[in-house]
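Reader: I have a model open on my screen and would like to know what stands behind the words used for it. Could you take me through some of them?

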Amino acid sequence: MTNWNLARFVIGAAGACLIGVISPVCFWNLAAVAQTGQAIFVSYPRTGSVIDSRSTFITGAAPPGAAVTCNSEPVRTNSAGFFAHVVKLKRGENSFSLAAGSLTTVISVRRPAAVVPVAASVLRIKPGSLEPSENVGVVAGDIVRFAAKACPGASLQVKLGNRTIPLYSAAQRAKGSRINLGLDTAFGVAYQKGEVTAPDLYLGFYKVGCDDSFSGVKAVFTAVKEKKSVSATAPGGLTVMKQPAIYHTRHNDTIIRVGPGQARITPWVEGVRVTSDGYKGAWRRLEVASGKHLWALGEDLAPELPGSPPPESRVSTVNLLSDDYGAKIGVPLCQRLPYQVEQDLKSGTLVLKIFTATADTDFVTADIEEGQIHPADRASSRLIDYVTWKQKTDGLYELTVHLKKKHQWGFFVDYQDSTLMLHVKSTPLVSSAGTLKGVTICVDPGHGGREPGASGCNGTREAVVNLAIAEKLKAELERLGARVVMTRTADVDVSLAQRVQIAIAAKADFLISVHNNSLPDGRDPWKEHGTSSYWYHPQSIEAAKILKDGLSKDTGLRDFGSRYQNLFLCRPSQMPAVLVEVGFMIHPDEFLQLITPEFQSRVAASLAEGLRSYLTEVPAN
Ligand SMILES: [Zn+2]
């Protein structure tokens, strides 16, 4: 289950929600009815739901052995009577009549009408279509996009203060000037949504000049056709920021992104000072080095008084220290500055970028702490070969930590006062060969409580299946000598942040999150299925592959791949973290296996053996 569109996923899919959104769909507890074999149970979709997709799938359970039909077409079922059936959806109401012998049930699903373009016959600018739709703060050189939907064949322009900006529709743009609508992705495959060819969409762009001084100026759109005109004002005002603003982060785990609402790149701790030179709605643009921008939510940032000194520091020394976690690289600064860490397994390095910092580094103390020469068994000596630095660009200081071993077991950054600390985890120490004695593993059964996850063919919730497998995995790991910490042991709510905190607080050497999969609408449960695993930091790639390969081999489940995914439970950097999607809740045969205790035991034994081999055999590298 990868990066498909969140909105479509939450509205339409069979209830799986890795991202932690409480799914409004598809589970209601009729499992008891289905299990008596006296009814046709439909697990997905719920009758009356709205699905904006060309097709969906109906999953459910009928009495075992019964021939099931949907609108008179045969439905593929398995020995338990579990079924999955792909149906096309037309615009408007769709009714599906399921029959098994004398049993029948009808479900109806509505697919919304297509968006109708603005008619060419009436001179009109469509309300709610104007961009900028929210307040925008810019500096000279920024490009602002203007958009409006209006009747085709009109001449459109924007008045922005005393500037006039022309807008063009697809028909009016120069031939070959293509603008794409963007991408949709699922399971790592990107689908071009198509070109901007809507006849009623007009676009225009303006590069802010040095002499522009807009302050909350709203763009006024005018459409002219056949000597008549109509005007409308954009909701968002445009402001040119003459002076940057200084902010600091309000709390730990402030999420820093590459664009407003776009991919996250790093968390920052509390008190990191940063310059802002723009905004878009609730988002603040942060200038961390010359021409290098990052974004954060304004509510995560506290403004400082006008005239506050800009963030900056010299880096004069770097200290290599050790503690229970492993090695720590201390960089004394004048204040807390923005940072980012890049992990590279091939070169065996961690690259620490410190923004708005300038090198004055003459001394890297690799072996002295409080006047004493480090003993060779210190973590810093065991883990770190040497450290190099460079001034990458103005305002970007880069420290490269060259590790002795290519395999990495965890890292994180924090500040002690204004000294930045990059922590590097020690290799897990197994006290008895071939066992997991001395190792701590955090096992996370996905979902629970008000968040049921995906719904299986007979209505069994993913949260229940995940917990059953996780409990068996705990027993297997303990049998191998590991200390196991569970994020939940009952069907209760535990937030994603709490789950990660449990793993960090337990000083876990590994975090495994157990899930079972589902698909968004528009896909075929019979075609896309199998076992898969997900990682976020490079340090987790090898474990994700080992666990998935073992599971596929030991259970016979189809190999559905191992891949990067931006998942909360994969994001902690303090230890390798892998999310396993054992099988598919909506695949009738896989689901039947997943609810069978013997099969769950086989899954648990396979995962435990995968973890044993990873944690005991990989450290030698
Ligand atoms: Zn899940």
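This is a predicted model: local features need pLDDT of at least 70, side-chain atom pairs count only at pLDDT 80 or more; totals for chains, interfaces and linings use all residues.

Reader: How do you know what L607 touches?

Author: Contact here means C-beta atoms within 7 Å. Leaving out residues up to four places away in sequence, L607 touches L473, I512, L547, L551 and V580. L607 is also among the buried residues of helix 8, as are V603, L611 and Y614. The buried residues of helix 8 pack against strand 36 (440-445), helix 4 (462-479), strand 38 (510-517), helix 6 (541-555) and strand 41 (577-584).

Reader: What span is expected of helix 8, and what does the model give?

Author: The expected span is 1.5 Å times one less than the number of residues. Helix 8 (residues 597-617) has 21 residues and reaches 30 Å from its first C-alpha to its last, close to the expected 30 Å.

Reader: Why are strand 29 and strand 34 said to stand at the edges?

Author: Five strands form an open sheet in the order 29-25-26-35-34, with mixed pairing. Strand 29 (357-365) and strand 34 (411-416) each have a single partner strand, so one side of each is left without a neighbour in the sheet. On average, neighbouring strands of this sheet are turned by 25° against each other, direction ignored.

Reader: What makes strand 26 and strand 35 a pair?

Author: Pairing needs at least two bridges. Strand 26 (residues 326-332) and strand 35 (residues 419-425) have seven bridges, in the antiparallel sense, so they count as paired under that cut-off. In strand 35, V424 stands opposite A327.

Reader: How many bridges join strand 19 to strand 20?

Author: Four bridges join strand 19 to strand 20 (residues 264-268), and the two run antiparallel. W268 in strand 20 is the bridge partner of T254. Strand 19 (residues 254-257) has T254 and I256 on its covered face, while I255 and R257 are on the uncovered one. Six residues lie between the strands of this hairpin, where G261 takes a positive phi near 75°.

Key. Residues are numbered from 1 along each chain as its sequence is written. Axes are lines fitted to C-alpha atoms, for helices over the stretch in contact, and angles run from 0 to 180 degrees between N-to-C directions. A residue is buried if 20 or more other C-beta atoms lie within 10 Å of its own, exposed if 12 or fewer, and partly exposed in between; C-beta atoms are placed from the backbone. Two residues are in contact if their C-beta atoms, placed from the backbone, lie within 7 Å.
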